[in-house]
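Have the structure open while you read.

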Amino acid sequence: MTDDAGTPGWYVDDRCTNCDVARQLAPGLIGEVAGRSEVLRPPHGEAEERMMRAAALACHTRSLRRTDERPDPGPDPFPLALDDTVLLCGHNSRQTAGANSYLVRRPGGTTTMIDTPRWSEPLAAHYERLGPVTDVLLTHRDHAAHGRRYADRFGARLWIHEGDLDAAPDADRVLRGDASVEVSAGLLAHPLPGHTRGSVLYIADDRYCFSGDSFYWSRTTDDLEVAESVTWYSVEVLAASLARTAGRLRFEWLLPGHGDRKRLPAGQMAHRLRALTDRARSMRPRPIDFTAVRW
């Protein structure tokens, strides 16, 4: 495959797991076709080429490739600033099913990592250049794979909820029950069992919601959604958790582990979250089916 100028193009190999990450980073260039990602058209211009490079470096299976098989897709754009506070880590890990992870700038020049990218010492050093990392916050068991290594490398505290403690038994801070906990100034942990028994979402500065896999933005429905077909613990417990918690949450940015990101005015986001909470009340257990997720 070459582009219309005859230069090497891009393709997706057969290791693709349809995790959606590449489509989030290169919208319009990569799309979902028959249950997997496909390159829809070649990039035109440097801005679109940068989008493809970012998608290639984030892909956890390294399935997005150049036809000339160049091993290095170009300069590393990660961590990628989403605004002046939150950065996307990229370099998603096979061991977290390709989940997104984030760095959050905190007052005083420190940062917090929420979930983790794949582990490597050069990546850890790269992330640390933004400022000392004081906390590594795990949203749930599925994203715990590299938490201890990053926390030890940074000299940071590792957090997880007791419901998923077996996935990080050596965590430094264990959230318990349903009580909200202040991690640091302006950063709150809200237990939200349902996707897993120990799922947690984190709210920073009443602007940013790191929802793990509890809910996400769907481009298909253009709305907040629960991945009810991939709920490991109980979708009915998740519905109850949303009913208990949603009214206390205020945020503009939705930043999930799986599924797309979205920014809306806080009032609109609150309205969407109330509507999701109402819809969740009617959800019932169903067999696990990754193909049913509405990305």
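A cavity is a set of grid points where a 1.4 Å probe fits but cannot get out, and a residue belongs to the lining if it has an atom within 4 Å of a point. Keep in mind that this is a predicted model. Rolling a probe the size of a water molecule over the atoms shows where empty space is left. Here, the count comes to 2 cavities of 30 Å³ or more.

The largest cavity holds about 110 Å³ of space. Its lining is made of 15 residues, and the ones nearest the centre are Cys-16, Cys-19, Ala-22, Ser-37 and Cys-59. Sorted by class, the lining of the largest cavity has 8 nonpolar, 6 polar and 1 charged residue.

Now for the second largest cavity, with a volume of about 40 Å³. Residues lining this cavity include Asn-100, Tyr-102, Asp-115, Phe-210 and Leu-255. Two elements give two or more residues each to this lining: strand E15 (208–212) and strand E18 (253–256). Which one gives the largest share of the lining of the second largest cavity? That's E15, with 3 residues. By class, the lining of the second largest cavity splits into 5 nonpolar, 5 polar and 1 charged.

## Pockets: open spaces

Pockets, unlike cavities, are open sets of points. The largest pocket has about 480 Å³ of space in it. There are 23 residues around the largest pocket, with Val-230, His-258, Phe-290, Val-293 and Trp-295 lying nearest its centre. Its lining has 11 nonpolar, 9 polar and 3 charged residues.

The second largest pocket comes in at about 210 Å³. Among the residues lining this pocket are Gln-24, Met-51, Leu-80, Arg-219 and Asp-260. Helix H1 (21–25) and helix H2 (45–58) are the elements that give two or more residues to the lining of the second largest pocket. H2 gives the most, with 3 residues. As for classes, the lining of the second largest pocket has 6 nonpolar, 1 polar and 4 charged residues.

## A greasy patch outside

On the surface, Trp-232, Ile-288 and Phe-290 form a nonpolar patch, and together they have about 330 Å² of accessible area.

To find Trp-232, look in the loop between strand E17 (223–225) and helix H5 (235–245). Is Trp-232 buried or partly exposed? Its relative accessibility is 45%, so Trp-232 counts as partly exposed.

## Charged partners

Salt bridges turn up as well: the count comes to 30. In one of them, Asp-13 pairs with Arg-15, and their closest N and O atoms are 2.7 Å apart. Asp-13 counts as buried because its relative accessibility is 12%, while Arg-15 is partly exposed at 35%.

Arg-53 and Glu-46 form another salt bridge, with the closest N and O atoms 2.7 Å apart. Arg-53 is buried at 15% relative accessibility, whereas Glu-46 is partly exposed at 41%. Arg-36 also bridges to Glu-38, where the closest N and O atoms are 3.2 Å apart. With 28% relative accessibility, Glu-38 counts as partly exposed.

Finally, some charged residues join into a network of salt bridges: Asp-20, Arg-23, Glu-32, Arg-219 and Asp-260.

Notes
Residues are numbered from 1 along each chain as its sequence is written. This is a predicted model: local features need pLDDT of at least 70, side-chain atom pairs count only at pLDDT 80 or more; totals for chains, interfaces and linings use all residues. Side-chain values use heavy atoms; hydrogens and water are left out. Patches are made of residues with over 30% relative accessible area and no salt bridge: like charges are joined within 9 Å, nonpolar side chains (Val, Leu, Ile, Met, Phe, Trp, Tyr) within 5 Å. Accessible areas come from the Shrake-Rupley method with a 1.4 Å probe; for residues, only the protein chains shown count as cover. A salt bridge is a side-chain nitrogen of Lys or Arg within 4 Å of a carboxyl oxygen of Asp or Glu. Helices (H or I, at least four residues) and strands (E, at least two) are DSSP runs, numbered from the N terminus. Buried means under 20% relative accessible area, exposed over 50%, partly exposed in between (1.4 Å probe, protein chains only). On a 1 Å grid over the protein atoms alone, a cavity is a set of points where a 1.4 Å probe fits but cannot get out, and a pocket is an open set with protein on both sides within 12 Å along at least five of seven lines; lining residues have an atom within 4 Å of a point. Grid points are joined across faces, edges and corners, and a volume is the space filled by probe spheres set on the points. Ala, Val, Leu, Ile, Met, Phe, Trp, Tyr, Cys and Pro count as nonpolar, Asp, Glu, Lys and Arg as charged, and the others, Gly among them, as polar.
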